[in-house]
Amino acid sequence: MLRYTLMRLGVFVGCFFAVWGLVYVGALPKGLGDSNLLWVLLLALVISAPISFVVLRKERDRASVQVVERVERTKANLEANRTQEDLADDAARAAKS
């Protein structure tokens with residue numbers, strides 16, 4: 001998951017510098033007043049989202065599989081712990097009877 005996040009951040013940074021360069025040379029309009037940085041950030045975010053969606057599809061699927069495996073393993077551990085508690089409780093009740 002960390003790898004996917006870093007790759008996504010890399011795509012965003014690349015888009016940020018590309019948009020900043022285009023604004024700097026005048027190919028894209030500048031923001032109003034002091035809002036130029038905000039304009040470049042928002043435009044880079046809008047451009048990087050679909051690029052990340054397409055380019056990082058395999059990495060996102062790989063990260064998703066890892067998350068699902070971790071959740072399933074955690075569920076199995078919780079169920080095993082719950083079963084152990086039930087067995088211990090049943091044994092304690094049987095001993096009292």
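User: Which residues of α2 are buried?
Analyst: This is a predicted model, where local features need pLDDT of at least 70, side-chain atom pairs count only at pLDDT 80 or more, and totals for chains, interfaces and linings use all residues. Residues are numbered from 1 along each chain as its sequence is written, and side-chain values use heavy atoms, with hydrogens and water left out. Buried means under 20% relative accessible area, exposed over 50%, and partly exposed in between (1.4 Å probe, protein chains only). In α2, the buried residues are Val40, Leu43, Ala44, Ser48 and Ser52.

User: Where does α2 bend by about 25°?
Analyst: A bend is the angle between axes fitted to the seven residues ending at a residue and the seven starting there. Pro50 follows the bend within four residues. The bend is at Ser48.

User: Is Leu37 buried or exposed?
Analyst: Leu37 sits in helix α2. Its relative accessibility is 53%, so Leu37 counts as exposed.

User: What is the C-alpha to C-alpha distance between Leu2 and Ala63?
Analyst: Leu2 belongs to helix α1. Leu2 and Ala63 are 61 residues apart in sequence. In space, their C-alpha atoms are separated by 8.7 Å.

Key:
Helices (H or I, at least four residues) and strands (E, at least two) are DSSP runs, numbered from the N terminus.
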